[in-house]
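Subject: Structure for your study

Dear colleague,

Please find below the structure that I am handing over to you.

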Number of protein chains: 2
Amino acid sequence: MKLLEERILKDGVVKDGNVLKVDSFLNHQMDVELFNELGKEFKRRFEGKKIDKILTIEASGIGIACISAQHFGCPVVFAKKADSINIDGETYRTPVVSYTSGKTYTVLVSKKFIQEGEHILLIDDFLANGAEMMGLVEICRQAGAKVEGVGICIEKNFQIGHKQLEDAGIQVEALAVIKSMDNGVIEFE
Amino acid sequence: MKLLEERILKDGVVKDGNVLKVDSFLNHQMDVELFNELGKEFKRRFEGKKIDKILTIEASGIGIACISAQHFGCPVVFAKKADSINIDGETYRTPVVSYTSGKTYTVLVSKKFIQEGEHILLIDDFLANGAEMMGLVEICRQAGAKVEGVGICIEKNFQIGHKQLEDAGIQVEALAVIKSMDNGVIEFE
């Protein structure tokens with residue numbers, strides 16, 4: 001998606017270790033006008049699919065998921081990253097290994113909010129090694145819900161996330177796909 | 001706001017320790033259609049005020065802040081709750097004592113995203129003892145930004161948050177104000 005690629009080139013910063021900083025518009029400061037265009041594009045890419053609910057993960061997926069949900073006419077559920085007093089009752093949960101810290105943490109969703117047979121769209125800001133996204137897929141599997149697709153703002157396709165999800169038979173739509181960031185130069189697919 | 005009060009009575013659950021669970025529409029599953037009505041109402045209540053940016057705090061404030069920002073035509077910044085590799089560069093930071101756990105954690109915002117002289121609206125899902133909100137006020141003070149107001153979805157006005165903010169000279173607008181939840185019966189102001 002041209003609009004997002006241009007914005008990444010304009011405001012993104014490549015840091016050591018293949019880290020792309022887009023905190024000025026995507027995941028610390030959030031440009032909701034841009035999010036609205038990304039949400040429209042997700043709707044176009046998943047046109048014709050029945051979506052009952054969007055599932056994302058805290059914290060940086062929540063904004064883009066909520067704005068996108070307006071185009072799908074459905075609610076959003078966000079998975080939490082640790083046990084919390086804000087969740088009571090039974091939960092679906094799965095361990096996820098953090099790409100950045102190497103630590104394992106638990107991702108959980110209240111059983112009340114993902115039902116058997118529901119059609120779920122997963123949305124997140126980034127896809128790299130895909131550990132969190134595979135965690136959300138696992139939670140849907142536990143619930144007996146159908147993952148209709150994965151919508152990603154920015155994908156680093158030199159990491160394994162995309163392939164893993166496609167191997168699981170899931171439609172993956174990334175709005176900007178980065179092929180390489182060698183020497184700080186961003187190349188899109 | 002009638003719409004929100006009715007929804008709380010319909011779907012809210014009072015738990016021990018004056019905890020109101022609204023996780024089916026506000027802070028785990030999120031009803032974005034309702035959020036849109038709440039955002040419109042925030043805009044109405046702060047009509048005539050110049051708002052450059054909405055500041056909220058992860059995670060449950062992000063959804064309502066983003067949808068509201070569409071009505072103000074401004075970006076959102078969300079404060080993070082701990083040090084994170086997702087923040088580099090200098091930050092404004094302040095300690096906040098959690099009402100629920102009693103633990104102290106650090107709230108931080110990159111200095112890039114709150115500028116001196118900016119007009120800031122603070123938005124969050126809940127206001128009880130106000131510790132997090134006072135943390136966001138402190139961050140704006142450090143930045144030299146002006147807090148134009150605080151917009152809250154649900155306030156428990158038998159706790160001290162509202163008074164603390166008003167004593168600091170800040171306009172506080174809560175869309176549903178709970179007076180008491182004794183014996184599990186919710187009474188609005």
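Predicted model: local features only at pLDDT ≥ 70, side-chain atom pairs only at ≥ 80, totals over all residues.

Two strands pair if DSSP finds at least two bridges between them; strands (E, at least two residues) and helices (H or I, at least four) are DSSP runs, numbered from the N terminus.

Where β5 (residues 76-79) of chain A meets β3(B), two bridges join the strands, which run antiparallel. In one of these strands, β3(B), B:Met30 is the bridge partner of A:Val76.

**The interface of the two chains**

In total, 36 residues of chain B are in contact (heavy atoms within 4.5 Å) with 36 residues of chain A. The two chains bury about 3,000 Å² between them, 61% of it on carbon and sulfur atoms; buried area is the accessible area (1.4 Å probe) that two parts lose on being put together, summed over both.

Two salt bridges are found across the interface, a salt bridge being a side-chain nitrogen of Lys or Arg within 4 Å of a carboxyl oxygen of Asp or Glu. A:Asp23 forms a salt bridge with B:Lys112, with the closest N and O atoms 3.3 Å apart. On the side of chain B that touches chain A, β3 (29-30), α2 (32-45), α3 (61-72), β5 (76-79) and β7 (104-110) of chain B each supply at least two residues. Of these, α3(B) gives the most, with six residues.

**Two helices of chain A**

Helices α1 (residues 2-11) and α2 (residues 32-45) of chain A have axes that come within 10 Å and cross at roughly 145°. Axes are lines fitted to C-alpha atoms, for helices over the stretch in contact, and angles run from 0 to 180 degrees between N-to-C directions. Here A:Leu3, A:Leu4 and A:Arg7 of α1(A) meet A:Leu34, A:Glu37 and A:Leu38 of α2(A).

**Conventions**

Residues are numbered from 1 along each chain as its sequence is written, and chains are lettered from A and ligands numbered from 1 in the order in which they are written. Local features need pLDDT of at least 70, side-chain atom pairs count only at pLDDT 80 or more, and totals for chains, interfaces and linings use all residues, while side-chain values use heavy atoms, with hydrogens and water left out.

Yours sincerely
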